[in-house]
Amino acid sequence: MATCEVCGNDYDLAFEVHTRDGGRHTFDSFECAINRLAPICEHCSCRVIGHGVQVDGRFYCCAHCARQAGPTGKEARDAVTTTSA
């Protein structure tokens, strides 16, 4: 069994997450993994668990927060557009 680094639970179904910088983390749930690894929105402080929006190296949970944070985020969009082929 492995121990979750967030809550300390010793759990037989714990899993490891390997990060790009070589870090290794052990968790017993996605909730604990999100708590430890997900970036925090620089406007509203919620955890960014989806795609989020990045503007000038800053992370936001959505385009609305990026736009609210200042002029550099005014063009931020979190909708995907399609083009005709």
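Tutor: Two residues are said to be in contact when they have heavy atoms within 4.5 Å of each other. The model discussed here is a predicted one. Among its contacts between residues at least 6 apart in sequence, 12% join residues at least 24 apart.

The protein contains two helices and six strands, and their order along the sequence is β-β-β-β-α-β-β-α. Its radius of gyration is 17 Å, well over the 12 Å that the globule rule gives for 85 residues, so the protein is more spread out than a compact globule. Taken along the principal axes, the box filled by the C-alpha atoms is roughly 50 × 35 × 20 Å. Of the 85 residues, 25% count as buried, and the protein exposes about 6400 Å², of which carbon and sulfur atoms supply 49%. As for charge, the protein carries 8 positive and 11 negative charges, whose mean positions lie 11 Å apart.

The core itself can now be described. The largest nonpolar core consists of 10 residues, namely C41, V48, V53, V55, Y60, C62, A63, C65, A66 and A76. Two elements give two or more residues to this core: strand 5, which spans 53–55, and helix 2, which spans 63–68. The largest share, three residues, comes from helix 2.

When its neighbours within four places in sequence are left aside, C41 is in contact with C46, V48, F59, Y60, C61 and C65.

Leaving aside neighbours within four places in sequence, N35 is in contact with V6 and R47. A further pair gives a sense of distance: N35 and D12 are 23 residues apart along the chain, and their C-alpha atoms are separated by 20 Å.

Key
Residues are numbered from 1 along each chain as its sequence is written. This is a predicted model: local features need pLDDT of at least 70, side-chain atom pairs count only at pLDDT 80 or more; totals for chains, interfaces and linings use all residues. Side-chain values use heavy atoms; hydrogens and water are left out. Helices (H or I, at least four residues) and strands (E, at least two) are DSSP runs, numbered from the N terminus. The radius of gyration is taken over C-alpha atoms; the globule rule is 2.2 Å times the number of residues to the power 0.38. Buried means under 20% relative accessible area, exposed over 50%, partly exposed in between (1.4 Å probe, protein chains only). Accessible areas come from the Shrake-Rupley method with a 1.4 Å probe; for residues, only the protein chains shown count as cover. Lys and Arg count as positive and Asp and Glu as negative; His and the chain ends are not counted. The place of a charge is taken as NZ of Lys, CZ of Arg, CG of Asp or CD of Glu. A nonpolar core is a set of buried Ala, Val, Leu, Ile, Met, Phe, Trp, Tyr and Cys residues joined through side-chain atoms within 4.5 Å.
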